[in-house]
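Here is a briefing on one protein chain. Look over the sequence and the coordinates first, then read on.

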Amino acid sequence: MAREGPAFLIAVAFAVVYLPVSSYIYIFDPWLRPLTPAGAALLLVWAVLLAMTVVNYTLCFSTKPGEVERDWAESDELLGKRVDWIELFEGPSEEMRNRYCRCGDAGPGHLLPRCNRCILRMDHHCPWVYNCIGYHNQGHFARLIIGTAMLTAMSLGMIFARLASLVMSLQVDDLPDPQVNEAAIIVTGINVTVLVPLASIMCMLAYNQTKLLLRNVTTIEDLDLQDDILMGVGSHNPYDLGWVENVKAVLGPRPLLWWMPQKMEGDGYRFRVRSGSE
């Protein structure tokens, strides 16, 4: 499998280790002490988001996306043909169909040249997690993106709240906060500079990831649909089962546990399609 250079690893380590640790030591802890119930609840939510980000990143990195087995075969008329995924579905929603590779093989996946393998329910190759995103780790990736967006936005909001409290204390007491030192000022400046663009990017990615979840399509399939629309070719999404069932297909069958990391159910070869798909 293709691997990225050390720059990606350094950037991830900076975001996952430096930003939360420095923000807690130099900004959040001095601001919230002495700890009140509201402050403890705020830190608890922040810590849970941080823990889930680390867990989901680890799972995205370590979980194989799923590959089409070399001896895979399907005993029907589609075997050996190059089939466009938007054109081959019809029947009731409980019917199970394959998502076919567009590389010229009959495998139910997508060929990724840089990794030289056919990935089940291929979404994209992500250099930030050193892995392909496919059937078995797409749920982890969705939780990672959405959770990181929430974490960065919350961290930025807490830093701005800390700065606002410092301004208010100066107006009331006309004295600087004794807990604010040169190191805290430098860390605050660095973290705000990094978090403003990072939170903006992550929120945009989370918005896009949420749209894909609600429609039950991968990034590649979504681009195919957009291309067809731009070209004036009629197309539809046969996997759209309604937003609840769509999200269940990726995050699991139990909505109350969507936020928790869990293994994908099914084999990654066959998927439900909606009633009347043609």
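**Cavities, pockets and cores**

α4 supplies the largest share of the lining of the second largest cavity, three residues. The model is predicted.

- The structure holds two cavities of 30 Å³ or more.
- The second largest cavity has about 40 Å³ of space.
- Its lining consists of R121, Q138, Q209, L212, L213, N216, V217 and V250.
- By class, this lining splits into four nonpolar residues, three polar and one charged.

**Overall layout**

- The protein chain has six helices and six strands.
- Starting at the N terminus, the order of elements is α-α-β-β-β-β-β-α-α-α-α-β.
- The chain has 278 residues, and 42% of them are buried.
- Take the contacts with a separation of 6 or more: 70% of them join residues 24 or more positions apart.

**The largest pocket**

- The largest pocket holds about 820 Å³ of space.
- Its lining has 35 residues, and W128, I145, T148, L198 and M202 are the closest to the pocket centre.
- α1, α2, β4 (124–126), α3 and α4 each contribute at least two lining residues.
- α4 gives the most to this lining, with nine residues.
- The lining of the largest pocket comprises 25 nonpolar, nine polar and one charged residue.

**The second largest pocket**

- The second largest pocket has about 430 Å³ of space.
- Of its 23 lining residues, Y135, K248, A249, E265 and R272 are the closest to the centre.
- α6 (243–251) and β6 (270–272) each bring at least two residues to this lining.
- α6 gives the most, with five residues.
- The class count for the second largest pocket is nine nonpolar, four polar and 10 charged residues.

**Helix α6**

- Which residues of α6 are buried? They are N246, V247, V250 and L251.
- These four lie on the same side of α6, because they cover an arc of only 110° around the axis.
- An α-helix has 3.6 residues a turn, so residues three or four places apart point the same way.
- V250 also lines the second largest cavity.
- G252 follows α6 and has a positive phi, near 115°.

**Nonpolar cores**

- In soluble globular proteins, nonpolar side chains tend to be buried together.
- The largest nonpolar core here has 17 residues, and F28, W46, M158 and I159 have the most contacts inside it.
- α1 (6–32), α2 (37–62), α3 (138–173) and α4 (182–215) each supply at least two residues of this core.
- α3 gives the most to this core, with five residues.
- A second, separate core has 12 residues, V12, Y57, I133 and M202 among them.
- M202 is also one of the residues closest to the centre of the largest pocket.
- What does W46 touch, leaving aside neighbours within four places in sequence? Its contacts are P20, Y24, F28, L151, M154, S155 and M158.

**F141 in α3**

- F141 sits in helix α3.
- Its relative accessible area is 6%; a residue under 20% counts as buried, so F141 is buried.
- Not counting residues up to four places away in sequence, F141 touches C60, H124, C126, I133 and Q209.
- F141 and C126 are 15 residues apart along the chain, and their C-alpha atoms are separated by 9.7 Å.
- I133, a contact of F141, is in the second core.
- Q209, another contact of F141, lines the second largest cavity.

**Backbone points to check**

- Most residues other than glycine have a negative phi, and most peptide bonds are trans.
- The peptide bond from R33 to P34 is cis, with omega near 0°.
- P34 lies in the loop between α1 and α2.
- R121 is not a glycine, yet its phi is positive, near 45°.
- R121 is in the loop between β3 (117–119) and β4.
- R121 is buried, with a relative accessible area of 5%, and lines the second largest cavity.
- Y130, also not a glycine, has a positive phi of about 55°.
- Y130 is in the loop between β4 and β5 (131–133).
- Is Y130 buried or exposed? Y130 is buried, at a relative accessible area of 12%.

Definitions and conventions. Residues are numbered from 1 along each chain as its sequence is written. This is a predicted model: local features need pLDDT of at least 70, side-chain atom pairs count only at pLDDT 80 or more; totals for chains, interfaces and linings use all residues. Side-chain values use heavy atoms; hydrogens and water are left out. A nonpolar core is a set of buried Ala, Val, Leu, Ile, Met, Phe, Trp, Tyr and Cys residues joined through side-chain atoms within 4.5 Å. Buried means under 20% relative accessible area, exposed over 50%, partly exposed in between (1.4 Å probe, protein chains only). Contact means heavy atoms within 4.5 Å. On a 1 Å grid over the protein atoms alone, a cavity is a set of points where a 1.4 Å probe fits but cannot get out, and a pocket is an open set with protein on both sides within 12 Å along at least five of seven lines; lining residues have an atom within 4 Å of a point. Grid points are joined across faces, edges and corners, and a volume is the space filled by probe spheres set on the points. Ala, Val, Leu, Ile, Met, Phe, Trp, Tyr, Cys and Pro count as nonpolar, Asp, Glu, Lys and Arg as charged, and the others, Gly among them, as polar. The arc is that of the directions from the helix axis to the C-beta atoms.
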